[in-house]
Amino acid sequence: MHKRMFKKADGRVMFLYGNEPHTLPPLEEMEPAPTPHPHMRWHPLRREWVVYAAHRQNRTFLPPPEYDPLSPTKPGGFPTEIPFETFEIAVFPNRFPSLTPHPGPAPEDIPVPVAPAKGDCEVVVYTPEQTGSLATLSQERRELLVRVWADRYRELLSRDEVRFVMPFENRGEAIGVTLHHPHGQIYAYPFVPPVIEKEVQSFREGPVLVSLLNDAAPYVVCQDEYTLAIVPPFARYPYEVLVYPKRFHPGPWTFNDAEFASFGKVLGEVVAKYDRLFARPMPYIMLLHAAPEGEESTFHFHVEFYAALRAHDKLKYLAGTEVGAGTFAVDALPEETAKTLREVKP
């Protein structure tokens, strides 16, 4: 994997990753990004941090294709975030971040504890093409993407202020995406989020995911020698999928070459099955959960897909019991939805 660092005119550093070296000269750049000042406030009832980033109200929202900010810039054309004629995968700090390395002081006179929202938010652009998905990317590009995630984990977790790093992808307008171009994001948090704290405790108590391997058969969606994708027996969404390496890894940074290739392949198969399931692109949230700092000996890396459809024309809404109590109610059995997905040809 080749990696090129490029400092944008506004000071943000972009990384261009590829299987071939990137040597193109830069073209015209966008206007400088606004200076963000996010902060955090402590929620005393839920005992968790809430991040406030008011500048995000003005972020780009579903622009027409000719003004796609994640496309490569063309000579004489609309300047985008990526001032090059083409690329393989590009990573750069979000123009409208919720967390930033230099957030400034938190506001005073707030009746709950406050703190600067110090961390980072990056955008990961999968392809120069304006359309596509993990299913339609080439296997070579998917494997490169997994390697990019591993590299960003290593870089971001090395920072003193970062406690947890989470790559993710929001896909589809039903999820609330503001840009259709195939991309994901990476958040580097100054704390370990509540969901991850629970997972940390579970993995400390035992090898939860390894234990599932022996009884996985009714729940398997697809697999190969190294990677398993299942509808977990505890799924909270009808077509939720859990993807993880069969051998213990705290994160993709410990994968070997075969595991990088395998993981990319299985992710593509899952998304292809999703898209064929109801003959339409499946809106979903994809979350990568790797070990927070200090938990590398027990935390088993995995990817969680939360699929938003429960039928072709029906969304899985989070309503009273899910939002108000955190208790999910599901309309389909995991054994049945796993069988349905398993039988879909990717």
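In the predicted model, three strands form an open sheet in the order β4-β3-β6, and their pairing is antiparallel. The edge positions are held by β4 (48–52) and β6 (114–116), each of which pairs on one side only. From one strand to the next the twist averages 30°. Within this sheet, β3, which spans residues 39–43, pairs with β4 in the antiparallel sense over five bridges, and Arg41 stands opposite Val50 in β4.

Two packed helices are described by the angle between their axes and the distance between the axes. For helix α1 (residues 139–157) and helix α4 (residues 257–277), the packing angle is about 115° and the axes are 8 Å apart. Since angles of 65 to 115 degrees count as roughly perpendicular, α1 and α4 are therefore described as roughly perpendicular to each other. The crossing of these two helices, α1 and α4, is right-handed. On the α1 side, the residues that meet α4 are Gln139, Arg142, Glu143, Val146, Arg147, Trp149 and Ala150, while α4 contributes Asp257, Phe260, Ala261, Gly264, Lys265, Leu267 and Gly268. Sorted by class, the contact of α1 with α4 comprises six nonpolar, three polar and five charged residues.

Two of the charged residues at this contact, Arg147 and Asp257, also form a salt bridge, in which the closest N and O atoms are 3.0 Å apart. Because Asp257 lies in helix α4 and Arg147 in helix α1, the pair ties together parts that are 110 residues apart in sequence. For the model, with a salt bridge taken as a side-chain nitrogen of Lys or Arg within 4 Å of a carboxyl oxygen of Asp or Glu, the count comes to 20 salt bridges.

Helix α4 also packs against helix α6 (residues 334–343), the axes of the two coming within 9 Å and crossing at roughly 95°. By class, the residues in the contact of α4 with α6 divide into three nonpolar, one polar and two charged.

How values were computed
Residues are numbered from 1 along each chain as its sequence is written. This is a predicted model: local features need pLDDT of at least 70, side-chain atom pairs count only at pLDDT 80 or more; totals for chains, interfaces and linings use all residues. Side-chain values use heavy atoms; hydrogens and water are left out. Two strands pair if DSSP finds at least two bridges between them. Helices (H or I, at least four residues) and strands (E, at least two) are DSSP runs, numbered from the N terminus. Axes are lines fitted to C-alpha atoms, for helices over the stretch in contact, and angles run from 0 to 180 degrees between N-to-C directions. Angles under 35 degrees count as roughly parallel, over 145 as roughly antiparallel, 65 to 115 as roughly perpendicular and the rest as oblique. A crossing is left-handed if the near helix is turned anticlockwise from the far one by less than a right angle, and right-handed if clockwise. Contact means heavy atoms within 4.5 Å. Ala, Val, Leu, Ile, Met, Phe, Trp, Tyr, Cys and Pro count as nonpolar, Asp, Glu, Lys and Arg as charged, and the others, Gly among them, as polar.
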